[in-house]
Amino acid sequence: MTHTAPYEQQTAPYERQIRAAAGHVARRRFLTATGAAAALAFAAGVPGAGVAAAAEADPRKITENPFTLGVASGDPQPGSVVLWTRLAPRPYESGGGMPNARVEVRWEVAHDERFTRPAGRGHADAHPEFHHSVHIEPTGLAPDRVYYYRFRAGEWISPVGRTRTTPAPTARPSALSLAAVSCQAYHDGYYTAYRHLAREDLDVVFHLGDYLYEYPVDAAGGARNYTDRTLPAHFNRETVTLEDYRLRYALYKSDPDLRAAHAAHPFIVTWDDHEVENNYAAGISEDNLPPAEFLVRRAAAYRAYWENQPLRRPQRPNGPDARLYRRVRYGQLAQFDILDTRQYRSDQAYGDGWHAPGPESRDPRRTLTGAAQERWLIDGWRRSTARWNVLPQQVTFSERRNATGPGYQVSMDAWDGYTASRERVLAGAESAGVENLVVLTGDVHVHYGFDIKRDFKDPGSRTAGVEFVTTSIASGEDGADKPANWDTYMAANPHLKFYNGRRGYLTVTLDRDTARGDYRTVSAVTTPGAPVTTAASFVTEAGAPGLKSA
């Protein structure tokens, strides 16, 4: 396969359409969400009714390995799981080295990694409109079962991936092992933590956001300081366009440790801010760009995100809108309500940053989730029959003061900047009878362990749940076991039970009686190959929330 249409021919119609539609929506000031979605639909950038007549490339003419970005699975259900890959023989080039034509991809699922006991097979087209990604949703799989999968394009065979379905809705599994990860700035270091994560015995991995960073990556890969390769110059700019975001995902997914983690475990993903732009809030950019201009960027970022993640069709974006919040159940043991705290939030109070709480941050009209997602969450809790209700989300939920005494400040980007929103969520959990609430958080590049107090102003108030905050995979470079503000934070926040500033990830084991969090850390990410250790372990008991050292 030697001829590739100029990449600009593939993306330019989409960019022009989305820009014109975004201007229309901005002028109408988002009078209705439906109108916004319709105006920004992908009509020119999604395979449509005429797809049967679209150009088709012969996969037998692919002369280079198209599976350079590996394989992934995600969003497991009792009888299904999403299988993902993307064809990119030359991933650092515009268009990935593929022609502007659809290519047939065959897929296989088996009970064993040698594929002697097949469980399903089929084929799908990898469309240029979706950057030659495929999202397969095989059905008829057995609940709570390990499966292996792979793809074929022409004579090429992908690496083998391992995945697992969830238990049946009425099942009562004895235990569940998961990991939580976040914040993987490529330019800040190696993905050593992912290499160790790939070897863990886990049922599922939750990615809590900042899968990609918009910041430039220089020729040496930033803190990776490559001496054996030179990255292309087009990575050394901020991501803004659809092409920018697509290329940046190619860079990230070319990392062998990230590919190993995806091949080893199913991922359930949600985004934070850097998948688009630092600290954006709904349709408001960090740099206060005109809404039409920012929505073009958000639509491009959301589209590239879906193209590069193992997500189901309902999560496919409609212009700058995407329904990413969703629910996953593991039998009667756990219910996971995955949040999106970026797309619907009020703008940060006091211009963002750290500030003393005040009337603006306490305004009862402010929301971090949006009204619809908040109702969905609380209604889901009311119907839950699970032992543990787990909330995978992005920013720190518990109060986090930066000083002792009355002069303290809190982060306006976290739930501390949206205290009424937090109160509604905690009141909703209380009214729904949620006894075993576990919040999983990323964002802050450190490990935290919090008791969630029903009233953070009163240290003696009831503990409503616990919050496990996972550190970053690479963001922030090597870090330290005790950051400079460690003593201050521990003194200012009596509900903070653990704080560590190294890179790594979190594993959580749920059973009928306890939830145990193991804080895994690596000593360095600016050099490859660091070992992994467990910095600390904490448990909380069912019916008696509160973190205790294990």
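What is the volume of the largest cavity? About 30 Å³.

1. Basis. This is a predicted model: local features need pLDDT of at least 70, side-chain atom pairs count only at pLDDT 80 or more, and totals for chains, interfaces and linings use all residues. Residues are numbered from 1 along each chain as its sequence is written, and side-chain values use heavy atoms, without hydrogens and water.

2. Cavity. The structure holds 1 cavity of 30 Å³ or more. A cavity here is a set of points on a 1 Å grid over the protein atoms alone where a 1.4 Å probe fits but cannot get out. Its volume is the space filled by probe spheres set on the points, which are joined across faces, edges and corners.

3. Lining. Leu-69, Val-71, Trp-84, Lys-253, Leu-258, Arg-259 and His-262 line the largest cavity (an atom within 4 Å of a point). Helix α5 (residues 256–264) gives the largest share, 3 residues. By class, the lining has 4 nonpolar, 1 polar and 2 charged residues.

4. Main core. The largest nonpolar core has 46 residues. Such a core joins buried nonpolar residues (under 20% relative accessible area, 1.4 Å probe, protein chains only) through side-chain atoms within 4.5 Å. Tyr-186, Tyr-191, Tyr-194 and Leu-197 touch the most other members. Elements supplying at least two residues each include β9 (175–181), α3 (192–197) and α4 (242–253). The largest share, 7 residues, comes from α6.

5. Tyr-186. Beyond four places in sequence, Tyr-186 touches residues including Tyr-191, Val-217, Arg-224 and Tyr-252 (heavy atoms within 4.5 Å).

Technical notes:
1 Å grid on protein atoms, 1.4 Å probe; cavity = no way out; pocket = protein on both sides within 12 Å on 5 of 7 lines; lining within 4 Å. Helix = DSSP H or I, 4+ residues; strand = E, 2+ residues; numbered from the N terminus. Nonpolar A, V, L, I, M, F, W, Y, C, P; charged D, E, K, R; others polar. Buried < 20%, exposed > 50% of the residue type's maximum accessible area, 1.4 Å probe, protein only.
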